[in-house]
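Please look over the sequence and the structure shown below before reading on. The report that follows takes up a few helices, then some single residues and the loops.

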Amino acid sequence: MKTPARIWAHFHWLITGLALFGIWSGGYFLISCFMLDKPMNALTTGLDEMIPFIPAFSFVYLTVYWMFLLAPFTSPTPRDSLLLARAYLTLIFIPWIFFIFFPVAIQRPDFDINNFTMWTLLQIYRADNPINCFPSPHCAGAMLSTLIILDRSSRRLGFMTFVLTFVIGASTLMIKQHYILDVIAGYALGAAIYYFYYRMPSFEVQAHFRRVYQEIQQRIGF
């Protein structure tokens with residue numbers, strides 16, 4: 001019988017991916033339900049109003065979920081999975097702070113359900129309230145996943161996911177799930193988290209966390 005340690009050693013990438021996906025999606029929808037009746041901000045610009053409504057981009061929009069799960073497959077060792085988990089958890093928690101303290105909602109268009117494409121978009125709208133917009137967790141997750149794949153996997157796969165990341169960003173605008181500022185902020189957040197965890201030397205990351213911890217201790221008087 002395999003011990004939990006041996007199971008983790010062999011399936012760390014799968015356990016990490018599924019656990020993080022559960023935290024990401026579960027927390028997102030809980031906050032969405034909690035904040036639904038709260039006052040909202042709008043970030044619409046003239047450029048947003050010029051972007052056409054194209055329901056067919058619903059299918060592209062949905063690809064972000066498998067992209068989120070693809071990055072853990074590029075973690076060859078348990079240590080790599082733990083690094084990825086820290087990066088993903090940071091990506092998950094930072095948008096939650098914005099969703100609660102700077103909630104943004106978007107106005108969705110009306111449409112008729114007359115084909116499979118429109119039905120698919122309806123399911124997206126039903127499953128996801130028109131809030132939790134800034135920064136876009138879709139774009140942040142896609143960017144972080146793509147950069148990790150570029151760093152840890154083949155350049156060909158990384159290039160494909162990099163192109164898809166920007167197509168996903170366009171899809172969020174075309175189906176009226178996000179504003180342009182949401183998309184830009186999402187990309188910037190994903191890239192910043194990747195740089196922090198994968199490009200900064202490990203001793204710098206540890207030193208940074210130590211300084212933050214010491215500052216918190218001083219502020220609360222311990």
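## Report on the predicted model

Ser81 lies in helix H5, and the coordinates discussed here belong to a predicted model. Ser81 is buried, with a relative accessible area of 1%, and, leaving aside its neighbours within four places in sequence, Ser81 is in contact with Trp8, His12, Trp13, Thr16 and Ser75. How far from Ser81 is the C-alpha atom of Ile51, 30 residues apart from it along the chain? The separation between these two C-alpha atoms is 39 Å.

Helix H1 covers residues 4-35, and whereas a straight helix of 32 residues would span 46 Å at 1.5 Å a residue, H1 spans only 38 Å between its end C-alpha atoms. Where H1 bends, at Phe11, the angle is about 90 degrees.

How do H5 and H7 run relative to each other? Their axes come within 11 Å and cross at roughly 160 degrees; angles over 145 degrees count as roughly antiparallel, and H5 and H7 are therefore roughly antiparallel to each other. The crossing in which H5 passes H7 is right-handed. On the H5 side, the residues that take part are Asp80, Leu83, Leu84, Ala87, Tyr88, Leu91 and Phe99, and they meet Pro137, Ala140, Gly141, Leu144, Ser145, Ile148 and Arg152 in H7.

Another residue of helix H7 is His138, which is buried, with a relative accessible area of 5%. Thr120, for its part, has its place in helix H6, which covers residues 116-127, and Thr120 touches Ser58, Phe59 and Leu62 when residues up to four places away in sequence are not counted. Is Thr120 buried or exposed? With a relative accessible area of 7%, Thr120 is buried.

The backbone of the loops also deserves a look. Most residues other than glycine have a negative phi, and most peptide bonds are trans. In the loop between H6 and H7, where Pro135 is found, a cis peptide bond joins Phe134 and Pro135, with omega at about -10 degrees. Asn132 also has its place in the loop between H6 and H7, and its phi is near 55 degrees, a positive value in a residue other than glycine. Lys176 is in the loop between helix H8 (155-174) and helix H9 (180-199), and its phi, near 65 degrees, is likewise a positive value in a residue other than glycine.

| Residue | Relative accessible area |
|---|---|
| Ser81 | 1% |
| Asn132 | 3% |
| His138 | 5% |
| Thr120 | 7% |
| Lys176 | 15% |

Lys176, at 15% relative accessibility, counts as buried, because the cut-off for a buried residue is under 20% relative accessible area.

How values were computed:
Residues numbered from 1 in each chain as written. Predicted model: local features only at pLDDT ≥ 70, side-chain atom pairs only at ≥ 80, totals over all residues. Heavy atoms only, no water. Helix = DSSP H or I, 4+ residues; strand = E, 2+ residues; numbered from the N terminus. Expected span 1.5 Å × (residues − 1). Bend = angle between axes of the 7 residues up to and from the residue. Axes fitted to C-alpha atoms, helices over the stretch in contact; angles between N-to-C directions. Parallel < 35°, antiparallel > 145°, perpendicular 65-115°, else oblique. Left-handed = near helix turned anticlockwise from the far one by under 90°. Contact = heavy atoms within 4.5 Å. Buried < 20%, exposed > 50% of the residue type's maximum accessible area, 1.4 Å probe, protein only.
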